[in-house]
Amino acid sequence: MSRRLANPTEDPLWLKLTLGIIAVGFIAIMLLLPLVLVFKEALASGVKTFFSAMVEPDTLAAVKLSLLAAAIAVPLNTVFGIAAAWSIAKFDFRGKTFLVTLIDLPFSVSPVVAGLVYVLVFGMQGWLGPTLAGYDIRILFSLPGIVLATIFVTFPFVARELIPLMVDQGRDEEEAAATLGASGFQTFLRVTLPNIKWGLLYGILLCNARALGEFGAVSVLSGHIRGQTNTMPLHVQLLYDNYDYAGAFAVAALLAMLALLTLALKSFLEWRYADELAASHRH
Amino acid sequence: MSLVVDSVTKKFARFPALKGASFVAPQGAFVSLLGPSGSGKTTLLRILGGLEVADSGSVRFADLNWLDMPARTRNAGFVFQQYALFKHMTVADNIAFGLKVRPRDRRPSRADIAKRVTELLALVQLPGLEARYPSQLSGGQRQRVALARALAIDPRMLLLDEPFGALDAKVRKELRADLRRIHDHAGVTTVFVTHDQEEAFAVADLVAVMKDGRIEQYGTPQDVRRDPKTAFVSEFLSV
Ligand SMILES: Nc1ncnc2c1ncn2[C@@H]1O[C@H](COP(=O)(O)OP(=O)(O)O)[C@@H](O)[C@H]1O
Ligand SMILES: [Mg+2]
């Protein structure tokens with residue numbers, strides 16, 4: 001009897017073990033440990049200190065501002081994202097590939113650069129700054145600037161999630177709807193949207209997580225005015241720089257919790273609607 | 001009320017898919033577009049359905065400049081090769097779609113829609129499947145639902161693009177007999193695309209044999225078979 005042939009794609013045990021240990025060790029040290037330490041540090045001087053740091057007015061203002069910025073940026077990017085994905089997936093036009101590349105721009109450009117570009121456009125030495133100032137409109141160092149930066153940085157999430165999904169689904173159902181007498185809007189509401197809803201939710205979730213966590217671009221545009229233009233991530237840095245470690249880690253723990261919540265929801269969507277999301281991750 | 005297709009052309013990028021297709025069919029006729037893959041059948045059908053815009057030429061149907069109308073106002077039922085059923089809707093909702101999207105003043109009542117769905121399911125011989133989803137149906141059943149959905153809008157024209165292409169021979173035969181029966185019953189003008197000459201000749205009143213974006217020969221199945229006008233047609237039919 002001949003020796004059983006090893007499966008050609010089967011790696012030796014020692015290799016699998018080594019790689020496994022490296023992977024698990026890396027995740028533990030680089031990802032889990034910091035997360036645990038954030039919570040440990042936040043609760044180091046007791047639960048009471050943690051909560052009093054939390055309800056400190058400037059901290060509350062930062063939480064509010066972050067939520068407000070996300071509440072404006074995420075719906076806008078949801079609409080932009082759907083519009084972009086819709087036009088790319090359902091129509092043929094020149095410059096389509098270019099548009100797809102453009103959508104990825106916020107992922108490839110450093111957020112700080114994005115922030116600086118808006119300073120160039122809206123700053124007092126910039127193109128539009130003086131004109132807008134004439135109408136008493138402030139963009140920099142105020143909510144509009146923060147929202148603009150957040151929109152820029154989080155633009156790709158919804159569009160990126162939807163484009164492959166919608167391309168994969170093709171136009172058949174929309175064409176069928178048209179021949180049955182549906183208007184464009186009816187087709188969108190009754191046919192397109194139900195087919196992409198879980199992918200859309202997934203994109204919104206990631207968009208929201210990034211919107212709440214964005215530091216670089218917002219940092220350039222916000223002006224760091226305590227209690228006024230400080231978002232949560234900026235506030236963490238400010239507290240930390242002022243040696244208020246309890247406060248810094250309390251807010252950091254809050255951000256980390258939001259991240260964990262996002263992760264949990266994301267895993268849930270991936271588990272529950274795997275088939276529907278699969279199309280967008282196959283590419 | 002006849003269908004008059006006159007010198008319709010269509011290019012994709014630079015590639016001519018239709019180089020001037022013309023035919024005339026009386027009201028209520030069953031026309032088959034027959035030809036090898038790539039001969040322009042789908043393109044012509046999609047132009048008739050309003051899913052593709054012709055570069056030139058004209059189509060008159062029911063005294064209308066057919067090509068000037070958007071797809072949604074033509075009231076032409078379209079059956080796709082890959083079914084194109086609404087995945088997330090039940091069979092009943094699929095069939096009712098064309099009625100539910102009508103403006104309020106022309107929309108039947110809920111009860112009337114439900115009744116119509118039941119009738120249509122009986123017509124396509126799938127009684128009782130209202131609550132199923134498309135994924136729970138066989139290919140042949142899906143195409144019957146697609147046909148019922150197209151018929152729900154009381155179409156004046158029925159357009160079918162190789163509707164039975166993905167089905168096995170036995171189911172194809174059953175379905176085409178049913179299709180012909182339904183066509184006669186509904187009194188629509190039907191254009192049926194196929195690359196299967198046996199199917200075309202068995203079901204149609206008039207056959208248009210297509211090649212490279214042109215109609216090589218047009219006539220009754222008997223005439224086309226008895227007297228092929230070009231070498232291509234006789235060769236295509238002898239296979
Ligand atoms: N959307 C499109 N873009 C580019 N070329 C196309 C498109 N649709 C069809 N064609 C080309 O037009 C020709 C006719 O296609 P089609 O009408 O689908 O033929 P058939 O249905 O007879 O197989 C084919 O050569 C096909 O490649
Ligand atoms: Mg075809």
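## Chain B: ligand 1 and chain A

Strand S2 (15-25) and helix H1 of chain B each supply at least two residues of the shell around ligand 1, where helices (H or I, at least four residues) and strands (E, at least two) are DSSP runs numbered from the N terminus. H1(B) gives the largest share, 3 residues. This is a predicted model, where local features need pLDDT of at least 70 and side-chain atom pairs count only at pLDDT 80 or more, while totals for chains, interfaces and linings use all residues. Residues are numbered from 1 along each chain as its sequence is written, chains are lettered from A and ligands numbered from 1 in the order written, and side-chain values use heavy atoms, with hydrogens and water left out.

Here are some pairings with oxygen atoms of ligand 1:

| Residue | Atom in the residue | Distance |
|---|---|---|
| Gly38(B) | polar backbone atom | 2.6 Å |
| Ser39(B) | backbone N or O atom | 3.2 Å |
| Thr43(B) | polar side-chain atom | 2.5 Å |

Taken alone, ligand 1 exposes 560 Å², and the protein buries 61% of that (Shrake-Rupley method, 1.4 Å probe; for residues, only the protein chains shown count as cover).

Now for the other chain. On chain B, 22 residues are in contact with 16 residues of chain A (heavy atoms within 4.5 Å). Arg72(B), His88(B) and Val101(B) supply 31% of the area that chain B buries against chain A, more than any other three residues (buried area is the accessible area, 1.4 Å probe, that two parts lose on being put together, summed over both). Lys87(B) also forms a salt bridge with Glu173(A), their closest N and O atoms being 2.6 Å apart (a side-chain nitrogen of Lys or Arg within 4 Å of a carboxyl oxygen of Asp or Glu).

Conventions: A polar contact is a pair of N or O atoms within 3.5 Å; within protein, one must be able to donate a hydrogen and the other to accept it, and residues adjacent in sequence count only if both atoms are side-chain atoms.
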